[in-house]
Amino acid sequence: MTTKVSPSDRKKAPRVFSFHSYRLRICILMMLALTITHCMRLNLTIGIHCMVNSTLLHEKYNTTLHKGSENTGSLDWSPTEQSWIFSASSYGSLVATLLSGYVADRFQPKIVITLGILGAAMMTALGPLLASNSYWGFFLSRTIQGISGGFIFPAASAMASRWFPPMEKSTLGSIYAMGNALGGSMVPMIVAFLCTTPLGWPSAFYAFSIAAFLYIILWIFFVSNHPSSNRFISEREREYLEKEIDFHSGVKGNHEEKGPKNFPWTKLFFSITLFANYSCQIAYQFTQSTMQLFLPMYFRDNLGFSIKENGLYTTLPAVLYVVMGLVWGALADFLKKKKVMSKQMTTKVFQSISSFGTAFSLLMIYLIPSEKHPNLVLPFLISYGVLFPAGVGGYFTSLLSVCPRFTGTVMSINRGWGMIAHLGTPMLMTLLSYLDLSYKYFIMFGMGAALEIIAGSLFIVFGDCEVQNWAKIDADQATLDGETAEERNQKIA
């Protein structure tokens, strides 16, 4: 017979931030999965400047020869070829998006994450060999890496539905979701350092692939799909989680049950509430891609930064993003808990801070600094790093709330829209480079600002954080051991 978790049971179970909390360890491992995957994808953002030879490019393609250039690369990839390489992993991720959400909701996320990281690690390890011998071989490896990595985040979301109790999902969700930002903050400085080692730029590939292989061992050994099948979790935490967690099947405690068989595809794709979220993801991904892929190029081309300066300035907003993401998430929960603002108002206010604050920062990053006064970019890098992650209390909270039973699928669709934006970012830069426009960076930053303003406006009008009617469990499915549909839907909300 199904029972509710009593207050005394909650007290017996380890707190989420307790040393004995195994669900926190699972959350940290999920975060590291995203971190390592992101590191393997982003190692090119700084590494490409070490891989190509600036002098050779200047002579062959009449590119700008930047002062302070310290790379000793031997590759002569044109600016257009470099842009296509940046796009390769996005092509792969876009392909994976077609299946990743459904697979994550229906099947075992542990296997999905294991195979995804393994595939990405193998392609990263082969990267130096392929890059030195075949441009298209390297392009293919980056595409396969994108396919492998595309399964990680939806599978992590499906894992969260099996391990995180309803009252802890926001806190733990914000932690594991920081994995991408953590990877983004680590990559510039690490790769800039590795490029100066005797092994040179290949070490940026070998180091991250070795880290991924070691991580897979930890993941396989310590992680299970459900608390009920984990051999390391304490008995009292296992009992607490089994009683507290509602899995997708609608049967409380039935953690081995696969996910829902019937998916409301029309609503998942075209619900106006979800579309407002998807618009925020498009703006988010275009902005993040611009900053991660082309901010180093902007610093090099327009502000004359050296590789080491580039790594330092590029790392700053990424580090702030990691820290402030946790701060904004905690603040949003605090405001809702103290009833300072309603859940609806909180999400809209936080998304407005993120969207409109980011738009302002992007424009100022381009308009204010110059090659004579490059340090003027610093305050606007800080404002970007502080304001951009406020979306964790906005559209990201909405995505986790509006249809809990289909979280993996929603995250997959959301990722698909994001991948289109991510794919379009280097394609747009490729076009602008081909046209040889001197103001190409203004177009990139301006486009990001425009998308942020549009997305923020749409979310203010159509955003929501309540469980949608079409996502709720039907009465006949929900009634179990005297529990009504209303009670069940309140639980998943």
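Residues are numbered from 1 along each chain as its sequence is written. Because the model is predicted, local features need pLDDT of at least 70 and side-chain atom pairs count only at pLDDT 80 or more, whereas totals for chains, interfaces and linings use all residues.

A search of the whole structure identified five cavities of 30 Å³ or more, a cavity being a set of points on a 1 Å grid over the protein atoms alone where a 1.4 Å probe fits but cannot get out, with lining residues having an atom within 4 Å of a point. The largest cavity holds about 580 Å³ of space, and among its 37 lining residues Phe153, Asn180, Gln281, Tyr284 and Gln285 are the closest to its centre. This lining comprises 18 nonpolar, 16 polar and three charged residues.

The second largest cavity has a volume of about 220 Å³, and of the 17 residues that line it, Gly184, Met291, Gln292, Ala318 and Tyr384 lie closest to its centre. Helix 8 (169-194) is among the helices that each supply at least two residues of this lining, and helix 8 gives the most, with five residues. By class, the lining of the second largest cavity has 11 nonpolar, six polar and no charged residues.

On the surface, Ile272, Phe275, Phe356, Ile453, Ile460, Val461 and Phe462 form a nonpolar patch with about 590 Å² of accessible area together (patch residues have over 30% relative accessible area and no salt bridge, and nonpolar side chains are joined within 5 Å). The largest share of the patch, four residues, comes from helix 18, while Phe356 is placed in helix 14 (residues 343-367).

Key. Heavy atoms only, no water. Patch = residues over 30% accessible without salt bridge, like charges linked within 9 Å, V, L, I, M, F, W, Y side chains within 5 Å. Areas by Shrake-Rupley, 256 points an atom, 1.4 Å probe, with all protein chains shown as cover. Salt bridge = Lys/Arg side-chain N within 4 Å of Asp/Glu carboxyl O. 1 Å grid on protein atoms, 1.4 Å probe; cavity = no way out; pocket = protein on both sides within 12 Å on 5 of 7 lines; lining within 4 Å. Points joined across faces, edges and corners; volume = space filled by probe spheres on them. Nonpolar A, V, L, I, M, F, W, Y, C, P; charged D, E, K, R; others polar.
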